[in-house]
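This report describes a protein structure for a reader who is new to the subject. Please keep the sequence and the model in view while reading.

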Amino acid sequence: MHCEIKDKERAGIINPIFTCQPCGAQFASIGIKDSIGIVHGGQGCVMFVRLLISQHLKESFELASSSVHEDGAVFGACGRVEQAVDVLLMRYPHVKVVPIISTCLTEVIGDDIEGVVRKLNEGLLPEKYPGREVHLIPIHTPSFVGSMISGYDIAVREFVKYFARKTEPSGKLNVITGWVNPGDVTALKHLLKMMDIDATVLFEIEAFDSPLMPEGNHVSHGDTTIEDLRGTANALGTIALNRYEGGKAAEYLANEFDIPTLIGPTPIGIRNTDTFLKNLKTLTGKPIPEKLVRERGIAIDALTDLTHMFFADKRVAIYGNPDMVIGLAQFCLDLEMKPKLLLFGDDNQGYKTDPRLLELAENVDYDMEIVTNADFWELENRIKEGLELDLILGHSKGRFISIDHNIPMVRVGFPTYDRAGLYRHPIVGYAGAIWLAEQMANTLFADMEHKKVREWSLNVW
Amino acid sequence: MPYHEFECSKCIPERKKHAVIKGPGEDLTSALPLGYLNTIPGTISERGCAYCGAKHVIGTPMKDVIHLSHGPIGCTYDTWQTKRYISDNDNFQIKYTFATDMKEKHVVFGAEKLLKQNMLEAFKAFPHIKRMTIYQTCASALIGDDLNAIAQEVMDELPDVDIFVCNSPGFAGPSQSGGHHKINIAWINQKVGTVEPKAITSDYVINYVGEYNIQGDQEVMSDFFKRMGVQILSTFTGNGSYDDLRAMHRAHLNVLECARSAEYICNELRVRYGIPRLDIDGFGFEPLGNSLRKIALFFGIEERAQAIIDEETARWKPELDWYKVRLTGKKVCLWPGGSKLWHWAHVIHAEMGLDVVSVYTKFGHQGDMEKGISRCEEGALAIDDPNELEGLEAMETLKPDIILTGKRPGEVAKKIRVPYLNAHGYHNGPWKGWEGWVRFARDIYNAIYSPIHELSRLDISKDEIPGDKGFVTQRMLSDANLPEEVRNSATLREYTGKFDCLEALRHKTYPTFERKAAAAVAG
């Protein structure tokens, strides 16, 4: 029985679990109202990220490129940012927030985006756009550092750092969600409402699931406002659900404005949701209402129907965003399952000292592996070499492992483009616990029927 | 043919010459939009980069190759599982992608060692794959890693492997088109002529070039060639095999489909090996028939082509015409990447009755616009390097019934209630071949007459809710104003093919044709 946290031994990547930092910064920036980010680099860095996001959410989001071509790569491309800002502001009169997101290309050639921003703030903006509120925010996300996870983390911090201003206490609570889906935000807001807590949700992306309306064009975007971001400095507390996505912003607010702050746990599963509510109570002094006891009861009831009969001892591999992977692993354990392999797709050194992973390492009573800087080959090759799994939890990029090795898979995380509408459903809170458990159960059931293994047992349960 | 100035782009005068409207009786001498120029930053252009043009469009469809990108992880991740270039070897090229995962220390100290280690690891992980392409990215180009030298080292160490190097970083050109060019030239320079064909089995040998087997297009077209007794020595590159492509120099004819992405290698094959180039169209009954006739004429086997044309036309024409009578007069925006605007512009009008109200190209050159504009209807709006706002403005003024474009712009169209079909990956392809063209017509029909669009226009707070129907079928919408004899025609019929029309092709056997030389010996 042992559990080890180790790095992938190979140097390279065979089928990546994560993309690079600029993607994370772009995903964060679309959460802000009246914002269009400019990615300073080659055009593919935007075009493909927009495609990826639209594959996941089945919506299009606006993100611009500075379109650096060969001349820019050789002679420097700061002028491309200047032009991009001007063109964007001229044609999108509502835009107020323009993050300038760097890439490997422009970090290697050393373009001074702070310098460009200063120049624009002193020249173009007052001269050509007097009276217009425009915020240019440099965000450094070289692709050769971290991953989309750290890119998101950095971007959230930069937005908060840029806007947060201490004025009067607002009595509100900052809730930094991390990289979640619209359905998660709905579930979190529901819990906050039940607790009667006035919160600033970063980012308010419920509207990513946007309607097709009878009249007019509807462009999908987030709803977090500049005022929301400014007000983060005046909150009575901050809860960041995820350590690795939004944790930096929470720490910044704690250090800079002495805001009481709790980071994690990611409220996946009953136990973590309980702790989340406890944390809400601690920071706001508000009691947990009877109604949530009932909601929790419904979830517990649903899980009790499934655990011993179907989930017990099922062996699971989980990959994806780190806080989500940890939350899912914890939830699986509570459901009597056995997470055998956890894969983290980047080389963040923090994983090895993450108390949640250390707790796993100390307490699991079967062989479990935790691999950092991992790729999908770490999963597939283990399967080829005999790792037996009953279920895979992760995003769509791993779909062929499930298909080729006949292992049922529940799509969860980002991106989940090969299943319909998953972004609409929460994985957090009691509602998320029900959704996840029932998805897992139904996936196992379909697999039993497809493979004709104990399919008769579903006749009665 | 005046230039068209978009309201949304009045503030950027450089855009003025990138769009034209085709006026009555006008030809291309009066105006042609500018093309293939540097993108204006911040316009929210639809363009991609030269890395993706090389790797994702042309490189990766090769099916028996380890595709390894040398750079940070994003380039690889982002160009993985976003296209439908399938293959008959269980889609190795779709399932597996490789990256050196360059980190900061490599940027500082160089990443050649990392690259080499990666190459060895990849061959070890897939011992049955002996071919590899390594792709440069922005980061590895800027730090100056010598990919060629490392490739040679690995080939020296592992004598049974062969490695192709593609130096096409993302910034190398205004769009993905720069990458098409680079990989074409790199392939002929490095690989063509380095092996001899495994076997020449026919007197008529072609390279099938600029064909990427989207949803099986290549396999559909290969079926026709095989039925004509024509040997496909290689396909550049969909469902194509690396070693077959090294032997391109032994073909008698280069049959070119997507001239935008692959004319370069055809032109080089003509110059260096004297192999003629023949441009063809796999889309549409008439162009496809003419294409097979041209190939047959070149080889002197016209009757073989004619037999296929007659058989396929008889089989599928009644089905195509069923859709044509229901699609006539519907307005379409042809907004693909490069070549499809001219592949489809005329034939979609002639054979499906659709009016092309606009063509655009993301990465095409002026030559593509020439062909596209000359083939589309009067009044059509042609746009080079379109951007988000111009696309919206065009859709709002032109009010198309359908738009053929990419997945993400399709989401933009959805929100203004314009049905979209995926012009790059197709909805329910393949769309090449006679049957494929009917499948395309069916997809268009299903999109335009989907009852969901009628529902999407109803404002339940203001409009009178009909309440008189429990459902509406596509036929109720499409046939409402059709004359009785058309509606109940005994000759026309809806598509009758299968959900998967490739499976049968993959198990098909073909007649053998007697070879001239063999016949002479026997005689």
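## Charged side chains

In this predicted model, chain A carries 46 positive and 63 negative side chains. The centres of these two sets lie 2 Å apart.

## Overall form of chain A

Chain A contains 19 helices and 15 strands. Its C-alpha trace spans about 75 × 50 × 50 Å along the principal axes. A compact globule of 461 residues would have a radius of gyration near 23 Å, and the value for chain A is 23 Å, so the two agree.

Of the 461 residues in chain A, 63% are buried. The accessible surface of this chain comes to about 16,600 Å², and carbon and sulfur atoms account for 50% of that area. Among contacts in chain A with a separation of 6 or more, 74% are between residues 24 or more positions apart.

## A buried aspartate in chain A

Helix α4 of chain A covers residues 78–91 and includes D86(A). Is D86(A) buried or exposed? Its relative accessibility is 16%, and a residue counts as buried when this value is under 20%; D86(A) is therefore classed as buried.

## Aromatic rings

Over all chains, the structure holds 43 aromatic pairs. One pair is formed by F164(B) and W187(B), whose ring centres are 4.8 Å apart and whose planes make an angle of 80°, an edge-to-face arrangement. This pair links distant parts of the chain: F164(B) belongs to strand β5 (residues 162–166) of chain B, whereas W187(B) belongs to helix α8 (residues 176–190) of chain B, 23 residues apart. Both F164(B) and W187(B) are buried.

In chain A, ring pairs join several aromatic residues into a cluster. The cluster consists of F27(A), F61(A), Y152(A), W179(A), F208(A) and F414(A).

## Helix α11 of chain B

Which residues of helix α11 (residues 259–273) of chain B are buried? They are A259(B), R260(B), S261(B), A262(B), Y264(B), I265(B), C266(B) and L269(B). The list includes the charged residue R260(B) as well as the aromatic residue Y264(B).

After α11(B) comes G274(B). The phi angle of G274(B) is positive, near 70°.

Note on methods
Residues numbered from 1 in each chain as written. Chains lettered and ligands numbered in written order. Heavy atoms only, no water. Helix = DSSP H or I, 4+ residues; strand = E, 2+ residues; numbered from the N terminus. Rg over C-alpha atoms; globule rule 2.2 N^0.38 Å. Buried < 20%, exposed > 50% of the residue type's maximum accessible area, 1.4 Å probe, protein only. Contact = heavy atoms within 4.5 Å. Areas by Shrake-Rupley, 256 points an atom, 1.4 Å probe, with all protein chains shown as cover. Charge placed at Lys NZ, Arg CZ, Asp CG, Glu CD. Phe/Tyr/Trp six-rings, centres within 6.5 Å; stacked < 30°, edge-to-face > 60°.
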